[in-house]
Amino acid sequence: MKLDGRRESTNVDDRRGRSMKAKGGLGLGGLIIAGLLVWIFGGNPASVLQLAGGDQTTTENTEYVATPEEEAMAKFARQILAGTEDVWTAEFKKIGKTYKAPKLVLFKDGVTSGCGNATSQSGPFYCSADQCVYLDLEFFMNMRQHLGADGDFAYAYVIAHEVGHHVQYLLGTLTEAHQQMSRMSEKDANQISVRLELQADYYAGVWAYHDNEMFGSLEEGDIDEGLRVASLIGDDYLQKKARGYAVPDSFNHGTSAQRSRWLKKGIATGMMKGGDTFSPSYSSL
């Protein structure tokens, strides 16, 4: 991606100097492959937050010195966030609404969110209770090392996907879907989750389309990076890789084909209204 000279968002809460320590032997190490799998298997952050919940943790302020690589990633994240702010402000204006941007919280090892306490094992997540996107930058390094998913657009896609959930929250989609899920069987709730996640993928594509229109940000190979990541984080691919078989009823992010298709559709059209993943039959997604 071409980001030289692009502004960096100031809507960032950098908590990397505030480490979360566990009592009672609960170790909060650096980001590990378990965290990556939670995110790509579509684990509900609310359940993962219990890993560090309640009186099990304390917060400790420390002097934090980031590596040059991590600082470069932090700058990158701020630039991508700024791009989402510019794009979604314009897109909401088109439909007569005002976009209120989420805050990006950068953390290391563990963090306290409006949805509860979380360790890095939760992976990147969006919390509607405080309208924040939470990210441990080491997640990107683990994407490269453990998933083989690399490239700046691949990382931007992760951020844009979480911002996509914020877009859903502002439009009322996220709240309505969660209310429906609370009344459903696990199988049916998983299907609603898939619809939410595919729409967030679509919105990530819509962001990419308009970011490129505004700033000429996409370079040759960027879209392929994004589509490759989308295929590598499909529930079917990951379950087969981890278990040797897939359990469709447990899918809650969508298959490789579905994720790639909806991201590609968003990139191709750039139209918010084209991201209706709730009206089609589940089998046609």
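**View 1. C115, a partly exposed cysteine in a predicted model.** In this predicted model, C115 has a relative accessibility of 34% and therefore counts as partly exposed. C115 forms a disulfide with C127, with an S to S distance of 2.1 Å. A search of the whole structure finds one disulfide.

**View 2. The disulfide between C115 and C127.** The torsion about the S-S bond of C115 and C127 is about 100°, so this disulfide is right-handed. The pair links distant parts of the chain, with the two cysteines twelve residues apart. C115 sits in the loop between β5 (110-113) and β6 (116-119), while C127 belongs to strand β7 (residues 125-127). C127 has a relative accessible area of 0% and is buried.

**View 3. C132, a cysteine in no disulfide.** C132 takes part in no disulfide. The nearest cysteine sulfur belongs to C127 and is 7.2 Å away. C132 is buried, with a relative accessible area of 6%.

**View 4. W207 and the largest nonpolar core.** The largest nonpolar core has 58 residues. W207 is among the residues with the most contacts inside this core, together with W88, F140 and M143. Leaving aside neighbours within four places in sequence, W207 is in contact with M1, I80, G83, T84, V87, W88, F153, A156 and A160.

Definitions and conventions:
Residues are numbered from 1 along each chain as its sequence is written. This is a predicted model: local features need pLDDT of at least 70, side-chain atom pairs count only at pLDDT 80 or more; totals for chains, interfaces and linings use all residues. Side-chain values use heavy atoms; hydrogens and water are left out. A disulfide is a pair of cysteine sulfur atoms within 2.5 Å. Helices (H or I, at least four residues) and strands (E, at least two) are DSSP runs, numbered from the N terminus. Buried means under 20% relative accessible area, exposed over 50%, partly exposed in between (1.4 Å probe, protein chains only). A nonpolar core is a set of buried Ala, Val, Leu, Ile, Met, Phe, Trp, Tyr and Cys residues joined through side-chain atoms within 4.5 Å. Contact means heavy atoms within 4.5 Å.
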